[in-house]
Amino acid sequence: MKKGLTLLIFSILLAGIFSFGIAQSTTQGPAIVNWGNVKYGGTLNVVMPWGQLTNSVNPFLPTSQTLQMQNLIYESLFYVNSLTGQLTPMLGTSYKWSDDNLILTVTVRNGVKWSDGTPFTANDVAFTFNLIKKYPALDLGALWSKDNYLESVAASDDSVIFTFSKPNTPLLYAILGQLIVPEHIWSKLSDPATYPNQNPVGTGPFLLDSFNPTTNTITLVKNPNYWMAGRPYIDKIVVRSVESNTTVMLELLRGTADWSYVYIPDVQKTWVSKNPSTNKIWWPMNSTLILYLNTRKYPFNNPVFRQAISMAIDRAAAEEKAYFNAGGPSSAIGILPAQQSEWLDPTLEGLNTSYSKYDPKAAQELLASIGFKKNAEGNLVGPDGKVLPTYKLPVVAGWTDYLTISQIIAQNLKELGINAIITQESFGSWWSTITKGMYDMAFAWATGSGPTPYFYFNQELNPSFTSPVGQTSPSNWSGYTNPLITAALNTYSQTSDLRLQKQAMYTIERIFLQDMPFVPVVYGTEFDVFSESHFTGWPSESHPYATGAGIGSAEGEMIALNVHLK
């Protein structure tokens, strides 16, 4: 499977156990599971398909330019589980919005020390944010973009004050997720953007022990002075980077790896079934893959036509044949399953279900209601009496999962009398075609994701991301805009009132199902694969404390804090 090049607009963290306002200060949160009596010690062996690593632990560089161990050494203010929305205090203990959401105050944790023994303070937090303001190349989350309205960051005793020129509550996600560095070290650097940081000083649960470029192996050891009492349980982590998914799979089957993040085709058969008692996976659904329809072109500019296409797609077959039921068929609205109980308007469940169901007969009837009918040759004819042309459905050559799903879509459309020809292209050609609006239909990833549907809808439906045809758009590739949706997105971003935010989402959801700007098809998953031969405490359906995104992510720290010897 080819993972999407996701463009993420960081957004607000709605935690199940925290409301907007002041979160209760605590040393442990929902991502820190109380396992009872556990066995300490052990070396956790991780194998990742990252290829050759770069000897840097600079937390302000893209992971492709580093050892990818930043999140085990440095920490953020909070960890947010994007699957459940739950919030875990880390270097921060609480936050609150005030002054009509123009002021965000984050209280930092007392008693934390950097790994060199220097006390951690609110000054370190303020320094970090002002550092990335001074050096924009370090601002990977675009926190200081003019469109985010962040005006200043300053320390005040044990708190950090974030001041905005205009309310933008969704930026909370990026703020709370920013890794914090020590002022006493980074303030002395002449060029932090090129600093290799090969002896990192952090607050995290592990210390970098060594990196062997010959074997591409990273060794981390437990931080003996970590602030979270009793964690981590394990003594050491050894991470080896290899060149291919196949090599990772061999290591897992041999029992020389405890953990990896890797896509394995038909994973139940090729991994889990080999030893169900120990071979485990954690592949929660956390993204939506969709069929984009160019709403600037006829007949895709007709919302009823788009609704009919949604009803004509066999989502279950697409999921089964492309991903072996690892994820699941999407609902018509595309909101992640874990978020639907909290965020989907209950009065829309019936409509969402009807447009999700594979029902080519109903789709044909819907098309007939707006004057589209098959002729004697089985081709769809429009109200003007003209046969619809053959449409291109571009796919990147080599992306077998996308090709499989596109083939199913083309077969389903053929049942309606719509002819689609699949064209296999280079990634560059495919990317240019979609992002410049030069396509008819295209299967790709939804560009927005996060712990509430706001991320998804904002990226896909906000007109600020739409460019004229021929110019590159960062998202909203369908070209659809609706002033009522835009107003609802603005309402959400300018308030911290959960009730008002839900009303805004409900408004968007109803319009979405009425207009069907694009067609969600399947849900994508994470790909954590692990063995319980030696360690337990991994995330699972019963303990979904982390979404699962590999050791080099924020989720990796949560997993490393929870796993322990069997």
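Trainee: Why is Tyr 292 called buried, and where does Tyr 292 sit?

Mentor: In this predicted model, Tyr 292 belongs to strand β13, residues 285-293. Its relative accessible area is 0%, and the cut-off for buried is under 20%. A value of 0% falls under that limit, so Tyr 292 counts as buried.

Trainee: Which residues does Tyr 292 touch, leaving out those up to four places away in sequence?

Mentor: The list has Tyr 439, Asp 440, Met 441, Ala 442, Ala 444, Trp 445, Ala 446, Thr 447, Glu 460, Trp 477, Ser 478 and Phe 518. What counts here is heavy atoms within 4.5 Å. Take Tyr 439 from that list: it is 147 residues from Tyr 292 along the chain, yet their C-alpha atoms are separated by 9.1 Å.

Trainee: How do you know that Tyr 439 is a contact, with C-alpha atoms separated by 9.1 Å?

Mentor: The contact cut-off of 4.5 Å applies to heavy atoms, whereas the 9.1 Å is a C-alpha separation. Tyr 439 is among the residues that Tyr 292 touches.

Trainee: On to Thr 128. What makes Thr 128 buried, and which helix holds Thr 128?

Mentor: The helix is α2, residues 122-134. Relative accessibility is 0% for Thr 128, and buried starts under 20%, so the label holds. Neighbours within four places aside, Thr 128 contacts Phe 60, Gln 178, Leu 179, Ile 180 and Val 181. For Gln 178, 50 residues away along the chain, the C-alpha separation from Thr 128 is 8.7 Å.

Trainee: Why is Val 396 called buried?

Mentor: Val 396 has 4% relative accessibility. That is under 20%, so Val 396 counts as buried. You'll find Val 396 in strand β17, residues 391-396. Beyond its neighbours within four places, Val 396 is in contact with Glu 425, Ser 426, Phe 427 and Trp 430.

Trainee: Where is Ala 546, and what makes Ala 546 buried?

Mentor: Ala 546 lies in the loop between β22 (535-536) and α17 (554-562). With a relative accessible area of 0% against a limit of under 20%, Ala 546 is buried. Apart from neighbours within four places, Ala 546 is in contact with Tyr 79, Asn 81, Trp 282, Pro 539, Glu 555, Met 558 and Ile 559. The C-alpha atom of Ile 559, 13 residues along the chain, is separated by 7.0 Å from that of Ala 546.

Trainee: Trp 282 is in that list. Which residues are closest to the centre of the second largest pocket, and how much space lies in that pocket?

Mentor: About 300 Å³ of space lies in the second largest pocket. Of its 15 lining residues, the closest to the centre are Trp 282, Trp 283, Pro 284, Met 285 and Glu 541. Two elements give two or more residues to the lining: β12 (279-282) and α9 (337-343). By class, the lining has 11 nonpolar, three polar and one charged residues.

Trainee: Which residues other than glycine have a positive phi, and where do they lie?

Mentor: Asp 99 has phi near 50 degrees, and Asn 101 has phi near 65 degrees. Asp 99 is in the loop between β4 (92-98) and β5 (103-108), and Asn 101 lies in the loop between β4 and β5 as well. Asn 101 is at 10% relative accessibility, under the 20% limit, so Asn 101 counts as buried.

Trainee: Which peptide bonds are cis, and how do you know?

Mentor: Look at omega. The bond joining Arg 231 and Pro 232 has omega of about -10 degrees and is cis. The bond from Tyr 298 to Pro 299 is cis too, with omega near 0 degrees. Pro 232 is in the loop between β9 (217-222) and β10 (236-241), and Pro 299 lies in the loop between β13 and α7 (303-312).

Trainee: Now the whole chain. How does the radius of gyration of the chain compare with that of a compact globule?

Mentor: A compact globule with 566 residues would have a radius of gyration near 24 Å, and the chain has 24 Å, so the two agree. Along its principal axes, the C-alpha trace spans about 80 × 60 × 45 Å. Of the 566 residues, 57% count as buried. As for elements, the chain has 17 helices and 23 strands.

Note on methods:
Residues are numbered from 1 along each chain as its sequence is written. This is a predicted model: local features need pLDDT of at least 70, side-chain atom pairs count only at pLDDT 80 or more; totals for chains, interfaces and linings use all residues. Side-chain values use heavy atoms; hydrogens and water are left out. On a 1 Å grid over the protein atoms alone, a cavity is a set of points where a 1.4 Å probe fits but cannot get out, and a pocket is an open set with protein on both sides within 12 Å along at least five of seven lines; lining residues have an atom within 4 Å of a point. Grid points are joined across faces, edges and corners, and a volume is the space filled by probe spheres set on the points. Helices (H or I, at least four residues) and strands (E, at least two) are DSSP runs, numbered from the N terminus. Ala, Val, Leu, Ile, Met, Phe, Trp, Tyr, Cys and Pro count as nonpolar, Asp, Glu, Lys and Arg as charged, and the others, Gly among them, as polar. The radius of gyration is taken over C-alpha atoms; the globule rule is 2.2 Å times the number of residues to the power 0.38. Buried means under 20% relative accessible area, exposed over 50%, partly exposed in between (1.4 Å probe, protein chains only).
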